Amino acid sequence: MLTFETVNELTLKVTCTGNDVLITKAGAFIAGESAGSKNYKFEKLLLGPQGNFAQAAFGSLMRRVTGENIPLMKATMSGDSVTYYANFGKHIVVYKLDMGEVISVESENILAFTQDCNYSVRFIGVGVLSQKGLATTTLTGNGNNAYVAILSDGNPIVLSNIGNGNTLSVDPDAVICWMSRHGYGDPQISADLSWKTFIGQHSGESYAFEWACNQPVTVLVQPSERSGGIQVAID
């Protein structure tokens, strides 16, 4: 069994009891220790972590077509061990998914996940205005040990309207992920365009991801915007 925890906010500590498999971003391993001789090894996943060749090949094709492709590796643990992972000093958030709970995350923000997470890419149809396009990576809890480690460029904030009925509005280029126990919980696009936008007098905040008050969701946001998106203006 695997357990996740963070060390100093910047490092993921994975404790393995017995035999298990970890999926992580390729090259993220920084250190490890094990009882006796080294009892873990790494191999690059050429296609993906899906269970059979056909699913892995289709998943690889989907990721390449949608731009959600990241190099992944498999860490095979054959005994008790502790291993550590990081990515260029980025902050790390650990989350444990309940059975059937879904997290939709930008692929570049994934550090690691356990085998109890079903990994896939799907179209969401709202990303035409965002930097990442029309697709998102999805991890779904499928067991009692569904851990996910997420990267954030700076210390993230957590927004949630569960129990309070608030409407959430977030810049798409700052979104890391969103979690929902009621389907995928995908946002709608809220656009604020006027004639000023087209003469270069836009605010820079012309569109947003929006979750309605009747759409319970938790959203993780990083204090750094990705470069990209669309620029609507006439210079």
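**View 1. Strand E10 pairs with strand E13 in the antiparallel sense, over three bridges.** Strands (E) are DSSP runs of at least two residues, numbered from the N terminus. Two strands pair if DSSP finds at least two bridges between them. The model is predicted: local features need pLDDT of at least 70, side-chain atom pairs count only at pLDDT 80 or more, and totals for chains, interfaces and linings use all residues. Residues are numbered from 1 along each chain as its sequence is written, and side-chain values use heavy atoms, with hydrogens and water left out. Isoleucine 110 has isoleucine 150 of E13 as its bridge partner. E10 also joins E3 through three bridges, and these two strands run antiparallel. There, isoleucine 23 is partnered by phenylalanine 113 of E10. Five of the five residues of E10 are buried, so the strand is largely enclosed by the rest of the structure. Buried means under 20% relative accessible area, exposed means over 50%, and partly exposed lies in between (1.4 Å probe, protein chains only).

**View 2. The largest nonpolar core holds 20 residues.** A nonpolar core is a set of buried Ala, Val, Leu, Ile, Met, Phe, Trp, Tyr and Cys residues joined through side-chain atoms within 4.5 Å. Ile103, Phe113, Leu139 and Val148 touch the most other members. Six strands are listed here as giving two or more residues to this core: E3 (19–25), E9 (102–105), E10 (110–114), E11 (117–123), E13 (146–152) and E16 (175–180). A second, separate core has 17 residues, including Leu22, Ala28, Tyr85 and Ala149.

**View 3. Leucine 139 and its contacts.** Contact means heavy atoms within 4.5 Å. Residues up to four places away in sequence are not counted. Leucine 139 then touches Leu97, Glu101, Val102, Ile103, Phe113, Cys117, Asn118, Tyr119 and Val148.

**View 4. Aspartate 20 is buried yet has no salt bridge.** Aspartate 20 lies in strand E3. The nearest side chain of opposite charge is lysine 74, 11 Å away. Lys and Arg count as positive, Asp and Glu as negative; His and the chain ends are not counted. Leaving aside neighbours within four places in sequence, aspartate 20 is in contact with Met1, Leu2, Ala75, Thr76, Met77, Gln115 and Asn145.

**View 5. The structure holds one salt bridge.** A salt bridge is a side-chain nitrogen of Lys or Arg within 4 Å of a carboxyl oxygen of Asp or Glu. Glutamate 43 and lysine 74 form the bridge, at 3.8 Å from N to O. Glutamate 43 lies in strand E5 (residues 40–45) and lysine 74 in strand E6 (residues 72–78), so the pair ties together parts that are 31 residues apart in sequence. Glutamate 43 is partly exposed, at 39% relative accessibility. Lysine 74 is also partly exposed, at 25%.

**View 6. The structure holds nine aromatic pairs.** Rings of Phe, Tyr and Trp (its six-membered ring) pair if their centres lie within 6.5 Å; planes under 30 degrees apart count as stacked, over 60 as edge-to-face and the rest as tilted. Tyrosine 40 and phenylalanine 42 are edge-to-face, with 5.9 Å centre to centre and 65° between the planes. Tyrosine 40 is buried at 9% relative accessibility, while phenylalanine 42 is partly exposed at 28%. Phenylalanine 113 and tyrosine 119 are stacked, with 5.3 Å centre to centre and 15° between the planes. Phenylalanine 113 is buried at 1% relative accessibility, and tyrosine 119 is buried at 7%. Ring pairs also link Phe29, Tyr40, Phe42 and Tyr85 into a cluster.

Notes. Helices (H or I, at least four residues) and strands (E, at least two) are DSSP runs, numbered from the N terminus.
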